[in-house]
Amino acid sequence: MDEGRGVGPSGEAVFLDFADAIKRLGKDAIAEKYGNLFDMYAKITDENPYEQPMRMYPAVHYTMGGLWVDYNLQSTIPGLHVLGEANFSDHGANRLGASALMQGLADGYFVIPYTIGHYLASNKLEKVDTNHEAFKPHAKKCPRASTNFSTLRANVPSTRSTKSSATLCGEYVGMSRSAPGSKQQSIKFADCGAEFWKNVAVTGEPNFKNAELEKAGRVADFLELGELMAKDALERNESCGGHFREEYQTPDNEAQRDDANFSHATAWEFADGSSEPSWKEHREILTFEYVKPSQRSYK
Amino acid sequence: MSNDKKMTLNLKVWRQAGPQAKGHFQEIKANDVSEHMSFLEMMDVVNESLVRKGEEAIQFDHDCREGICGSCSMVINGNPHGPDRATTTCQLHMRRFKDGDSITIEPFRAKSLSSHSRSYRRSLCF
């Protein structure tokens, strides 16, 4: 795609052609293995994948890892249980693809029914009221934030920013990252954010069901997350798991880790208060006692 | 690759401000609809133009957008999820319609989802 050889009207697709496989194994064998996928493709594009190459387009649709949970699916916050793709439990740090339903079912159907009862039975659930010190400052902030969105009578739907920020992420903090790329990302994301806050339009009632308000709030969060992803990619000078830094690869283009300096997980703490949001780095050192990491190879 | 035929569709969308509100059909023209769009993508484009005009967007539930979860619960021309069997609204593509068609879009109807019950508000297209 970078060489301008992409196909399709967007110029960003590649062909997946089963012609050789069909010739070699016969249409029935392919239909048995991939029939449902071929039918879905035909429905979406109105083209016959048994006779024409399929157009494929890369898309990011999950993140690596998730929140830490114990065997009962409880996080480090008492009572907060995390299920499915939001936790790390079924995959660890390198989440395998095509397992969304598995994660949801494994945790939701096979685990939590047997573990939530233990939490409920062994904890006295005290009544919580709105005088709680954690609630009061947010009770003031939230309605103000909603009204702020609604009074910005600009004219660009938040979906525009969703698309532009997604494109930036795909380009700079997608499958491969680099130091200059991460720096570019930070600059362009800041522009994207400025554009959003200046032009976003949120119509509808602020105090009622309002999907535009929900979307705008999420875009605001994504804009911060995108900047942070670039910062984090820049800080980690190695290639590891889902993070591939072009500057750190083996002669065969495999990931090159630096366990001496980067055997840690990083958590970023948001520091509000100043005009520019800033982030404080926290490191959790990872020590492997019995199963030590080795060099990944797909050969 | 087939031509990207664009069409204009006349939508009649049920709008209702809340469970106790009366509700009405609003006529909206969907312009420049590509046959490759899914029904929800068409709704997204219609909503973008409504928001640009300062009007309230059409609210509809959606989640996976890949035909698994069933959240995109619209009644299209009287059929839940539209005319095709085993096809959710998000997997219904606009080539099933032709230029100038009228499409009526409503929330799911069921006794348990009557306009006076609280649960109507959950799966609502308004």
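**Figure 1. Ile105(B) and its bridge partners in the predicted model.** In strand E5 of chain B, Ile105(B) is the bridge partner of Ile76(B). The model shown here and in the other views is a predicted one. Ile105(B) in E5(B) is also the bridge partner of Val13(B).

**Figure 2. Pairing of strand E5 of chain B with strands E3 and E1.** Strand E3 (residues 74-76) of chain B runs antiparallel to strand E5 (residues 102-107) of chain B, and three bridges join the pair. Within E5(B), Pro107(B) is the residue that stands opposite Met74(B). E5(B) pairs with E1(B) in the parallel sense, over four bridges.

**Figure 3. The five-stranded sheet of chain B and helix H1.** The sheet of chain B is open and has five strands in the order E2-E1-E5-E3-E4, with mixed pairing. Strand E2 (24-34) and strand E4 (79-80) of chain B lie at the edges, each pairing on one side only. Helix H1 (residues 39-52) of chain B packs on this sheet and touches strand E1 (6-15), E2, E3 and E5 of chain B. The directions of helix H1 and E2(B) make an angle of about 105°.

**Figure 4. Contacts between chain A and chain B.** At this interface, 22 residues of chain A are in contact with 23 residues of chain B. The two chains bury about 1900 Å² between them, and carbon and sulfur atoms give 53% of this area. The rule finds three salt bridges across the interface of chain A and chain B. Lys163(A) and Glu48(B) form a salt bridge, in which the closest N and O atoms are 3.6 Å apart. Eight residue pairs are in polar contact across the interface of chain A and chain B, both residues being at pLDDT 80 or more.

**Figure 5. The side of chain A that touches chain B.** Four elements of chain A each supply at least two residues of this side: helix H2 (27-45), strand E3 (156-157), helix H5 (158-172) and helix H7 (211-235). Sorted by class, the residues of chain A on this side are eight nonpolar, six polar and eight charged.

**Figure 6. Elements of chain A.** Chain A contains eight helices and six strands. Read from the N terminus, the elements of chain A follow the order β-α-α-β-α-α-β-α-α-β-α-α-β-β. Along the principal axes, the C-alpha atoms of chain A fill a box of roughly 70 × 55 × 40 Å.

Notes
Residues are numbered from 1 along each chain as its sequence is written. Chains are lettered from A and ligands numbered from 1 in the order in which they are written. This is a predicted model: local features need pLDDT of at least 70, side-chain atom pairs count only at pLDDT 80 or more; totals for chains, interfaces and linings use all residues. Side-chain values use heavy atoms; hydrogens and water are left out. Contact means heavy atoms within 4.5 Å. Buried area is the accessible area (1.4 Å probe) that two parts lose on being put together, summed over both. A salt bridge is a side-chain nitrogen of Lys or Arg within 4 Å of a carboxyl oxygen of Asp or Glu. A polar contact is a pair of N or O atoms within 3.5 Å; within protein, one must be able to donate a hydrogen and the other to accept it, and residues adjacent in sequence count only if both atoms are side-chain atoms. Ala, Val, Leu, Ile, Met, Phe, Trp, Tyr, Cys and Pro count as nonpolar, Asp, Glu, Lys and Arg as charged, and the others, Gly among them, as polar. Two strands pair if DSSP finds at least two bridges between them. Axes are lines fitted to C-alpha atoms, for helices over the stretch in contact, and angles run from 0 to 180 degrees between N-to-C directions.
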